[in-house]
Amino acid sequence: MALYNLTLPKMGESVSEATVTKWLKEPGDRISEDEAVVEVATDKVDSDVPSPVSGILKEKKISDGEIAQVGQIIAVIEIEGEGEETTVASAEVNEVEANMINPTPVKDEEIIIQEIQLPDLEIPGVDQLPASPAAHKEAIHNSIRFYSPLVRNIAQEEGLSQQELDSIPGTASDGRVTKQDVLNYLQQRKQSGPSNATPAQAGTAAPAMTAPAPSATKAIGVTAAGDEIIEMDRMRRLIADHMVKSVQTSPHVCSFVEADVTNMVNWRNKIKDSYKKREGENITFTPLFIEAISKALKDFPMVNVSIDGTNIIKRKNINIGMAAALPTGNLIVPVIKNADQLSLVGLSKSVNDLAVRSRANKLKPDDTQGGTFTFTNIGAFGNIMGTPIINQPQAAILAVGTITKKPAVIETEFGDMIGIRHIMYLSMSYDHRVIDGALGGTFLKRVADYLEQWDTNRVI
């Protein structure tokens, strides 16, 4: 019998690792070709890892809750064939494994991934008990925040606690911690070690770098009978940290515009039945909004940007993230790639496909990668407007409220008159480091103009 090494496959752009959440097969179980063996989770989506061969699961290399790197062996499958220790693996996997066995120095700048910066939890005057190497290694690898293998190794060798590592501010893209950041922290800690530290006197403020943890991090606990403690699931923790990081990173500014979308509403009402009969699915307002946003981004490319330190990255592609609420109450943002190149029919089909797969938890890792601008429809919940938080590392996010009928002044060649119109509010939050009020407000007004000037005779 031959042995096949099942490795963690590529999980999408910029995804280098995944957490094993559940094994679907146990040692001794028979596996068919393309049958799912294990469930894994990245920082965006959950997905299955199928087996490319038929055989019997011989060994699990990774336990539930542990993190595996792309290309790492996660299981061994016994297949029919000659040889006792024959390993069947692609050239690509062999290359990855070779690099893992004989690692070469990796520049932190080569790894680009979103990470979470947590507050300093160090308490002055309190000595830390050294953890065992195994427990320390597990703590580092179980952190929600992403660290490169080089940074992790340095932290383990120097005995840094998880709290210390999480408190180190990063200087690389998206606040990522680099090797130099860790070395600088170690040098600073050495110079101001416990022997030189003086407990803060009463009435004297402690230094900022050793300030007590913010009150928000203190345990609140149950305060009254009937209170219930609900632990955040993994996705909710990621969302919470991502939102806090975004507010800490970007100075948010919001602009609001009122739009008369009567023509757009009447046009959709006119064609929706024939469209459903022809295409077999509904056409919602979402693709109409996304089309208008894509046009405006082409008119104002400096809104379709990201910030890397003091550099502005102007994105070539217009990839619109579409915020979607999951049945669990969590939020996910699948991305429509090259939205400006799709027809309205193409946008409608992409929107429907992503929405269906989001609700069924069938999104692929690539479906949530590469967004350059985010759109959210809060009108679906009856809200008229909102101030959404920017989806880092993007620079702006646009929200549309509910469409309601309102009396409005209509200007005609015969004079002004009052009529019933379909009115909605558009709101946009943007990063004031790169988008000023003039640019943000003008862009938002352009989106509203495209919606207001909808061609009622348009053929789709």
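Is strand 8, residues 73-79, mostly covered or mostly exposed, and how many of its seven residues are buried? Mostly covered: five of the seven are buried. Keep in mind that this is a predicted model.

I'll stay with strand 8 for its pairing. Strand 1, residues 2-7, runs antiparallel to strand 8, and six bridges join the two. Within that pairing, Leu 6 has Ala 75 as its bridge partner. Strand 6, residues 55-60, is also antiparallel to strand 8, with four bridges. There, Leu 57 is partnered with Ile 77.

Next, the nonpolar cores. The largest one has 54 residues. Those with the most contacts inside this core are Ile 293, Ile 320, Phe 373, Leu 398, Leu 426, Phe 443 and Val 447. Helix 8, residues 286-299, gives the most to this core, seven residues. Take Ile 293: leaving out residues up to four places away in sequence, Ile 293 touches Ile 320, Phe 373, Phe 375, Leu 398, Phe 443 and Val 447. Another core lies apart from that one and has 21 residues, including Leu 8, Ala 18, Ile 62 and Ala 68. In general, nonpolar side chains in soluble globular proteins tend to be buried together.

Last, confidence. Mean pLDDT for the protein chain is 79, and 75% of the residues reach 70 or more. Over residues 85-142, pLDDT stays under 50, although the model has 100 contacts beyond four places in sequence for that stretch. Residues 194-216 are also below 50, with 13 contacts in the model beyond near neighbours in sequence. Where pLDDT is low, the predicted coordinates should not be read in detail.

Technical notes:
Residues numbered from 1 in each chain as written. Predicted model: local features only at pLDDT ≥ 70, side-chain atom pairs only at ≥ 80, totals over all residues. Heavy atoms only, no water. Core = buried A, V, L, I, M, F, W, Y, C linked by side-chain atoms within 4.5 Å. Buried < 20%, exposed > 50% of the residue type's maximum accessible area, 1.4 Å probe, protein only. Contact = heavy atoms within 4.5 Å. Pairing = 2+ DSSP bridges. pLDDT = per-residue confidence, 0-100.
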